[in-house]
Amino acid sequence: HHAYREAGIVTDEIASTVAFYGLHMRKNGVSCEILEAFCRAREPGILSLANLTGAETAWAEAGCAYVVENEMVFSFLVKCFKETKVTILCTSGQLSGAAQRLIRMLCENGTEIYYSGDMDPEGIGIAERLWRKYPQNIHIWRMAQQDYFDGLSGEEIEEWRMKKLQNITHPVLRETSYKIQNNGKASYQENLLEKLAQDILRMSS
């Protein structure tokens, strides 16, 4: 890594990625042709931090973006909405530099972002931090108490991980945190596929 750094190459630029579907971006004053081609072909793609270099702004179809944590959920939703002008992003867990940069550009542009993640201490933490950073733009999506029970798995959460739920302030996430602490089990968004799809269908029709 040292040699790369001396040459001015940041190794994270390629490793740091975010998956997208239906995204637009302006780079060096012009609309990004590569992303337009993905939109025309109705194909999902992957953006690295290197691709975002020089990007001035990004915007979503219809002014709103649906952001999910899980790759399988992303693939399922993209297949569901092949014929719809909709923007879906996938962060693959902890927000990479690329995901953070893209979300920041979208929020600066007034995009409404619906964020849905796993309901375990890590997933709740990611959602909370994102909402604290952009409270005007981030809407917590399908992470309420009922969603927790609907997506419930048999996976026990270790005690040391539960500590991460102590300072949650978002009203919905806080309620869900109590349920996680009481139940001791994780709930996953891949168990909520149909509900997530129905929400997008309802909001984009």
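**A conversation about salt bridges, sheets and the core**

Visitor: Which residue does Arg-132 form a salt bridge with, and how far apart are the closest N and O atoms?

Guide: Arg-132 forms a salt bridge with Glu-128, and their closest N and O atoms are 2.7 Å apart. A salt bridge here is a side-chain nitrogen of Lys or Arg within 4 Å of a carboxyl oxygen of Asp or Glu. Please note that this is a predicted model, in which local features need pLDDT of at least 70 and side-chain atom pairs count only at pLDDT 80 or more, while totals for chains, interfaces and linings use all residues. Residues are numbered from 1 along each chain as its sequence is written, and side-chain values use heavy atoms, with hydrogens and water left out.

Visitor: Where do Arg-132 and Glu-128 lie?

Guide: Both lie in helix α6 (residues 121-133), 4 residues apart, which is about one turn of the helix. Helices (H or I, at least four residues) and strands (E, at least two) are DSSP runs, numbered from the N terminus.

Visitor: Is Glu-128 buried or exposed?

Guide: Glu-128 counts as buried, because its relative accessibility is 3%. Arg-132, at 47%, counts as partly exposed. Buried means under 20% relative accessible area, exposed means over 50%, and partly exposed is in between, with a 1.4 Å probe and protein chains only.

Visitor: How many salt bridges does the structure hold?

Guide: The structure holds 13 salt bridges. One of them joins the side chains of Arg-142 and Asp-147, at 2.9 Å from N to O. Arg-142 is partly exposed at 22% relative accessibility, whereas Asp-147 is buried at 7%.

Visitor: What about Glu-158: which residue does it form a salt bridge with?

Guide: Glu-158 forms a salt bridge with Arg-161, with the closest N and O atoms 2.9 Å apart. Glu-158 is partly exposed, with a relative accessible area of 39%, and Arg-161 is buried, with 10%. Salt bridges that share partners join Asp-120, Glu-122, Glu-158, Arg-161 and Lys-164 into one network.

Visitor: On to the strands. In what order do β2, β3 and β5 form their open sheet?

Guide: The order is β3-β2-β5, and the pairing is antiparallel. The edge strands are β3 (30-31) and β5 (55-60), each of which pairs on one side only. Two strands pair if DSSP finds at least two bridges between them.

Visitor: How many bridges join β2 to β5?

Guide: Strand β2 (residues 23-27) is joined to β5 by 5 bridges. Within this pairing, His-24 has Trp-59 of β5 as its bridge partner. Helix α5 (residues 97-108) packs on the sheet, touching β2 and β5, and its direction makes about 70° with that of β5. Axes are lines fitted to C-alpha atoms, for helices over the stretch in contact, and angles run from 0 to 180 degrees between N-to-C directions.

Visitor: Which strands does helix α3 lie across?

Guide: Helix α3 (residues 33-41) lies across β2 and β3, running at about 165° to β2.

Visitor: And why is β8 largely enclosed by the rest of the structure?

Guide: Strand β8 (residues 112-116) is largely enclosed because 4 of its 5 residues are buried. Strand β6 (residues 64-68) pairs with β8 in the parallel sense over 5 bridges, and Ala-65 stands opposite Ile-113 in β8. Strand β9 (residues 138-140) also pairs with β8 in the parallel sense, over 3 bridges. There, Tyr-115 has Ile-140 of β9 as its bridge partner.

Visitor: Which residues have the most contacts inside the largest nonpolar core?

Guide: Those residues are Leu-77 and Leu-102, in a core of 63 residues. Helix α5 gives the most to this core, with 7 residues. A nonpolar core is a set of buried Ala, Val, Leu, Ile, Met, Phe, Trp, Tyr and Cys residues joined through side-chain atoms within 4.5 Å.

Visitor: What is Leu-77 in contact with?

Guide: Leaving aside neighbours within four places in sequence, Leu-77 is in contact with Val-68, Ile-88, Trp-141, Leu-196, Ala-197 and Ile-200. Contact means heavy atoms within 4.5 Å.
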